[in-house]
Amino acid sequence: MNGHLDLRILVLLLAGVIVAYIAYNHPEVGVAVLVAVGVVTLLYLLTGGGENGSPPGS
């Protein structure tokens, strides 16, 4: 892995921890985040984002 990928993973993990903390303290926000993640994932799959099985940008 190169330096950019490591930083990207670190940022995603940090964002996940922050969102999990907010969802733990405010359950209604957690439900909204879950729905948003589901919609974005569905749109990504419907637009052919993962056709060849490789991650985007590779």
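These are my notebook entries on a predicted model.

**Ground rules.** I number residues from 1 along each chain as its sequence is written. Local features need pLDDT of at least 70, side-chain atom pairs count only at pLDDT 80 or more, totals use all residues, and side-chain values use heavy atoms, without hydrogens or water.

**Helices.** I looked for helices and strands (DSSP runs: H or I of at least four residues, E of at least two, numbered from the N terminus). I found 2 helices and 0 strands. Just after α2, G48 has a positive phi of about 80 degrees.

**Burial.** I asked how many of the 58 residues are buried (under 20% relative accessible area; exposed is over 50%, partly exposed in between; 1.4 Å probe, protein chains only). The share is 0%. Y21 sits in helix α1. Y21 counts as exposed because its relative accessibility is 56%.

**Surface.** The protein exposes about 5,000 Å². Carbon and sulfur atoms supply 75% of that.

Conventions
Accessible areas come from the Shrake-Rupley method with a 1.4 Å probe; for residues, only the protein chains shown count as cover.
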